[in-house]
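User: Hi! Could you walk me through this model? I'd like to start with the overall picture and then look at some details.
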Amino acid sequence: MPHAEPQPTAVREPAAREEPTASPEEAASREGAAPPSLWRNRDYMAWWTGNGLSVLGNSVSSISYPLLVLATTGSVARAGVITAATMLGSLLTTLLGGALADRVSRRAILLCSPLVQALVLGTIALLVRSGEVSVPLLAAAAAVSGMASGLAMGAMTPALRRIVPREQVGAATAQGLGRDMTAQLVGSPLGGLLFSVSRWFPFAADAVSYLFAALGVALVRKPLGPGGEAGEAGEADKGKKGKDGKDGKDGKDGKDGKDGKDGKDGLFADMAAGLRLVRSHPYLRFTVVWGALLNAVAQGFFLLFVALVKHRGGGPATVGLVNSMALAGGVLGAIAGPLVLKRMRARRVVIVALWVFVESFAVVAFVPEPWQIGCVLLVAMTTMVPLNVVLESYEVRLVPDEYSGRVAAVTRFGMQALQWTGPLAAGFLADAFDVPGAILALMVVMAGLAVSLHLSRPTLAVLDRPLDEVEEMTVPEAERRSRTR
């Protein structure tokens with residue numbers, strides 16, 4: 001489903017910031033030559049593969065959560081509670097993850113978070129197998145997993161900027177979305193199949209997938225930041241100085257550090273800085289609010305889609321198969337995304353994608369067969385993935401590297417702020433009325449979001465420029481001075 005979302009070192013004065021040693025890709029870019037293909041970038045491939053296996057496992061378990069609750073309780077609303085718990089957990093830690101990603105080792109964050117998630121999913125698998133699972137227990141476990149995910153997401157975007165050259169960020173974003181859609185394409189029917197065999201299988205598979213995500217990060221050789229080579233290698237030493245209060249600039253963990261950037265005050269200051277930068281730019285400000293509403297509707301629609309297929313007579317395997325048909329459209333959209341951006345203005349891509357999605361709501365509510373639902377969603381997702389490519393690529397181009405972690409966390413936090421309400425609202429609507437009626441109610445909200453794109457032309461003016469012509473946003477001088485005090 002769309003996540004217009006869709007994936008945040010203490011900041012120093014840029015002139016004094018340590019720069020990582022130039023990679024072959026960056027050197028080629030500086031000399032004016034095209035950087036090598038991403039498929040020949042060893043670090044990118046380790047990252048890409050590890051995350052792809054993790055997405056595969058996650059798609060297996062995410063389709064199984066609502067199936068498990070629907071099978072044991074028959075309530076769409078209770079299934080929505082589990083989905084909402086995951087989103088709320090992620091929401092609680094997203095801003096913290098972005099601030100931490102700009103001041104402590106991003107590699108450590110990206111290693112520890114999936115290990116926590118592996119432990120949580122393994123525990124769920126054991127509980128489901130023993131028959132001791134309950135909705136409150138599932139919700140608590142889902143919330144913990146979501147919290148770990150929120151921390152990791154804060155480090156994802158700035159880490160990717162270290163792994164690939166700036167000129168290839170757009171291509172890497174599209175390839176990542178294509179990978180995710182392909183993994184979900186396989187994972188959805190696999191999840192339904194494993195659930196049919198035994199209800200605990202999908203959760204155990206997801207636990208193993210998170211171990212591969214951690215391994216992928218461990219195999220990346222480039223420093224992921226913050227700072228350059230020395231910035232990552234010397235983090236432990238800098239932290240020790242901070243504890244003694246001798247080096248206020250780098251005392252990340254120091255309780256006695258003299259600089260305001262140390263400790264909790266520094267983390268809150270970093271979060272506030274990211275929020276101020278998002279508020280200062282019209283495009284970022286609009287997409288955060290607009291994306292929050294879009295994600296809420298999209299997540300509600302995903303829950304209703306599962307319920308609708310069951311309402312039309314489909315079992316767990318059918319739910320997975322129909323979801324795969326929708327994801328096949330996502331794969332096509334990811335392949336077409338970079339090509340579309342070369343031939344169409346980004347604004348037009350966004351507008352067309354959303355209107356197609358609005359129309360798909362109306363059609364899905366009335367078609368009688370599960371396979372017809374899958375065909376409609378295939379077309380809708382083919383257009384929605386390029387929308388995500390546009391939003392993510394333009395944000396990466398706009399935001400300076402030293403603020404990327406915090407800004408990415410703020411935008412992600414904002415876009416997820418209402419996301420958890422979608423499944424809850426959709427579940428209660430479906431229980432109170434019926435599934436098709438709930439889908440039509442969400443369609444009205446989606447139509448309003450599409451209209452708002454036509455009314456916000458000045459705010460979205462940056463989308464009228466080709467991506468490679470977009471310049472970094474200017475950070476207010478007062479903001480830079482506040483980071484060097």
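User: How much of the protein chain counts as buried?
Analyst: Of its 485 residues, 57% count as buried, where buried means under 20% relative accessible area, exposed over 50% and partly exposed in between, with a 1.4 Å probe and protein chains only. This is a predicted model, where local features need pLDDT of at least 70 and side-chain atom pairs count only at pLDDT 80 or more, while totals for chains, interfaces and linings use all residues. Residues are numbered from 1 along each chain as its sequence is written, and side-chain values use heavy atoms, with hydrogens and water left out.

User: Thanks! How many helices and strands does the protein chain have?
Analyst: There are 18 helices and zero strands. Both are DSSP runs numbered from the N terminus, helices being H or I with at least four residues and strands E with at least two.

User: And the largest nonpolar core, which residues have the most contacts inside it?
Analyst: Those are Trp-290 and Leu-354, in a core of 96 residues. A nonpolar core is a set of buried Ala, Val, Leu, Ile, Met, Phe, Trp, Tyr and Cys residues joined through side-chain atoms within 4.5 Å. Helix H11, residues 282-311, gives the most to this core, with 16 residues.

User: What does Leu-354 touch?
Analyst: Leaving out residues up to four places away in sequence, Leu-354 touches Trp-290, Leu-294, Met-384, Leu-387, Met-446, Leu-449, Ala-450 and Leu-453. Contact here means heavy atoms within 4.5 Å.

User: Switching topic: how do helix H3 and helix H16 cross?
Analyst: The axes of H3 (residues 76-101) and H16 (residues 421-432) come within 8 Å and cross at roughly 175 degrees. Axes are lines fitted to C-alpha atoms, for helices over the stretch in contact, and angles run from 0 to 180 degrees between N-to-C directions. H3 and H16 are therefore roughly antiparallel to each other, as angles over 145 degrees count that way, under 35 as roughly parallel, 65 to 115 as roughly perpendicular and the rest as oblique.

User: Which residues of H3 and H16 meet?
Analyst: Among them are Val-76, Gly-80 and Met-87 in H3, and Pro-423, Phe-428 and Asp-431 in H16.

User: One more: is Leu-68 buried or exposed?
Analyst: Leu-68, found in helix H2, counts as buried at 3% relative accessibility. Leu-68 touches Val-128, Leu-138, Phe-195, Arg-199 and Phe-203, not counting residues up to four places away in sequence.

User: And Ser-54, what does it touch?
Analyst: Ser-54 is in helix H2 (residues 42-73) and is buried, with a relative accessible area of 10%. Ser-54 touches Asp-206, Ser-209, Tyr-210 and Ala-213, again not counting residues up to four places away in sequence.
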